[in-house]
Amino acid sequence: MNKKLVALSGGAALVLALSGCGGGGDDSEKKANAWAKSVCDEVQPQLKKIQGANASIRAASEEQDSKKLQQTDSKAFQQISESYAALAKAVKKAGAPPVDNGAQTQKQAVKELNATSGAYNDLQTTVDKLDTSDKSKFAEGLKGVADELKKLSDSGDKALQQLQAGKVGTAMSKQPGCQKPKTGATSAT
């Protein structure tokens, strides 16, 4: 299960990867900050949902009841999928960032976020189809899910490295909405 948790955390990093390189001029920083704010205001609620879904998976990782574990993972994957889809909409709505190749950067970010959403939706479908009546088959199926999560995390990390740079990335890192939600005491849901 630890592999799965690491992969889930890495996938969320893509949220902060919505920047590009270049730009210039005296007001480019102001434009970058305005664009970053328009995106980041939409990001924080989604990051909290992703974080909550990851927390529910961690809490259920020691669950002995296969059916309960399946239900928890399925619900978490659905929440994460919906959050990435909402993030893609937010980036699309914000328009192209004010950097060189901004339209391409935006298009690529939306594509990556939608692909991540789809991948989590696929994981939900896979988990839903696992046979919970046979613990060994269920465990083997979960191993396959963990492997897919690892691939998902790796592709998200590559997108992050490719997209995170320049003035927009700096502007986004300053926006409260794009900062990772602080984790407090365990909360009841």
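A residue counts as buried under 20% relative accessible area, as exposed over 50%, and as partly exposed in between. Asp122 has a relative accessible area of 48%, so this residue is partly exposed. The structure is a predicted model, and every value in this report is computed from it.

Asp122 belongs to helix α4, which covers residues 102-129. Thr125 lies in helix α4 too. Its relative accessible area is 34%, and Thr125 is therefore partly exposed. For Thr125 and Gln78, 47 residues apart along the chain, the C-alpha separation is 9.2 Å.

## Packing of α3 against α4

Which angle do the axes of helix α3 and α4 make where they cross? Helix α3 spans residues 66-94, and its axis crosses that of α4 at roughly 165 degrees, the two coming within 8 Å. Because angles over 145 degrees count as roughly antiparallel, α3 is roughly antiparallel to α4. The crossing of these two helices is left-handed. Sorted by class, the residues in the contact of α3 with α4 are 13 nonpolar, 10 polar and four charged.

## Aromatic pairs between the helices

A pair of aromatic rings is described by the distance of the centres and the angle of the planes. The count of such pairs in this model comes to two. One of them joins Phe77 and Tyr120, with 6.2 Å from centre to centre and 40 degrees between the planes, and is tilted. Phe77 sits in helix α3 and Tyr120 in helix α4, so this pair ties together parts that are 43 residues apart in sequence. Phe77 has a relative accessible area of 0% and is buried. Tyr120, at 1% relative accessibility, also counts as buried.

Tyr84 and Tyr120 form a stacked pair, with 5.8 Å between centres and 5 degrees between planes. Here again the partners come from two helices: Tyr84 lies in α3 and Tyr120 in α4, so the pair ties together parts 36 residues apart in sequence. Tyr84 and Tyr120 are both buried. Through these ring pairs, Phe77, Tyr84 and Tyr120 are linked into a cluster.

## Nonpolar cores

How many residues does the largest nonpolar core have? This core has 29 residues, and those with the most contacts inside it are Phe77, Tyr84, Tyr120, Leu123, Leu149 and Met172. At least two residues of this core come from each of α2 (28-60), α3, α4, α5 (135-163) and α6 (166-174). The helix that gives the most is α2, with 10 residues. Another core, of five residues, lies apart from the largest one and has Ala60, Leu69, Leu130 and Leu142 among its members.

## The loop between α3 and α4

Asn101 lies in the loop between α3 and α4. Is this residue buried or exposed? Its relative accessibility is 62%, so Asn101 counts as exposed.

The backbone at this position also calls for a note. Most residues other than glycine have a negative phi. Asn101 is not a glycine, yet its phi is positive, at about 60 degrees.

Methods:
Residues are numbered from 1 along each chain as its sequence is written. This is a predicted model: local features need pLDDT of at least 70, side-chain atom pairs count only at pLDDT 80 or more; totals for chains, interfaces and linings use all residues. Side-chain values use heavy atoms; hydrogens and water are left out. Helices (H or I, at least four residues) and strands (E, at least two) are DSSP runs, numbered from the N terminus. Buried means under 20% relative accessible area, exposed over 50%, partly exposed in between (1.4 Å probe, protein chains only). Axes are lines fitted to C-alpha atoms, for helices over the stretch in contact, and angles run from 0 to 180 degrees between N-to-C directions. Angles under 35 degrees count as roughly parallel, over 145 as roughly antiparallel, 65 to 115 as roughly perpendicular and the rest as oblique. A crossing is left-handed if the near helix is turned anticlockwise from the far one by less than a right angle, and right-handed if clockwise. Ala, Val, Leu, Ile, Met, Phe, Trp, Tyr, Cys and Pro count as nonpolar, Asp, Glu, Lys and Arg as charged, and the others, Gly among them, as polar. A nonpolar core is a set of buried Ala, Val, Leu, Ile, Met, Phe, Trp, Tyr and Cys residues joined through side-chain atoms within 4.5 Å. Rings of Phe, Tyr and Trp (its six-membered ring) pair if their centres lie within 6.5 Å; planes under 30 degrees apart count as stacked, over 60 as edge-to-face and the rest as tilted.
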